[in-house]
Amino acid sequence: CLFGVIADHQRRHGKRDPSRQLDDYEAIFTIASHPPMIDDLAAEALYNMGMCGAYQAPGSPLVERAHRAYRDLGRIFFSSASPAVARFVASGMANLARTVWPESEEAREIWEGVVAAYAGSADPALQLLAADALQVWGFGLVRRGRDAEAVAVWERATSLFGVSSDPKILAVLAGNLLNRAQVEGRRGGPDA
């Protein structure tokens, strides 16, 4: 019901009030966290709290609160085997990692956390989250001119998921090969 109230408020007033939305999503998280916890709603609330920090001035209290929500999302739900919950976790961690320098240790820890949580799963939907994380991490590194590191990240995805028969995972790996070809093409040499 509260998710609907938030959407209705946005629709009626034609604008977002990130501070109010943070409070509303926090109320949803509080309700969903009472035992027995409703994992998918609690995870969605934390994810949306994190999204409230998008497009805000870096370092503002609102952004700090939003980033704290993303960190809580990871801390509480990384161990969840639910694909619905895992999608919120992986997306939230990707958003958080994008806010720091892609080559930083903090970003590396975030990406490694997603890979560690989902790469070893027997569920292809969870494996896909890890493969996607490696792809996006590589993109971030390329944007910072860290081509060699990006190629290593994409090669890691191939070593982890190259035996997969899931078409979505194979599509990510094919995309990584195309990305690598572009990177190698810029660098020249026989690998291109």
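Which backbone nitrogen does the side chain of S80 reach? Keep that in mind while you look through these close-ups of a predicted model, where local features need pLDDT of at least 70, side-chain atom pairs count only at pLDDT 80 or more, and totals for chains, interfaces and linings use all residues. Residues are numbered from 1 along each chain as its sequence is written, and side-chain values use heavy atoms, with hydrogens and water left out.

**View A. S80 and its surroundings.** The side chain of S80 reaches the backbone nitrogen of S82 at 3.2 Å. You'll find S80 in the loop between α4 and α5 (helices are DSSP runs of H or I, at least four residues, numbered from the N terminus). S80 has a relative accessible area of 13%, so it is buried (under 20%; exposed is over 50%, partly exposed in between, with a 1.4 Å probe and protein chains only). Leaving out residues up to four places away in sequence, S80 touches V85 and Y118 (heavy atoms within 4.5 Å).

**View B. Y47 meets Y70.** The whole structure holds 5 aromatic pairs (rings of Phe, Tyr and Trp, the last by its six-membered ring, with centres within 6.5 Å). Y47 and Y70 have ring centres 6.3 Å apart and planes at 55°, so this pair is tilted (under 30 degrees is stacked, over 60 edge-to-face, the rest tilted). Y47 sits in helix α3 and Y70 in helix α4, so the pair ties together parts 23 residues apart in sequence. Both Y47 and Y70 are buried. Together with F88, they form one aromatic cluster.

View C. F78 lies in the loop between α4 and α5, and Y118 in helix α6, 40 residues apart. F78 is partly exposed at 23% relative accessibility, whereas Y118 is buried at 0%.

Methods
Helix = DSSP H or I, 4+ residues; strand = E, 2+ residues; numbered from the N terminus. Polar contact = N/O pair within 3.5 Å; in protein donor to acceptor, adjacent residues only side chain to side chain.
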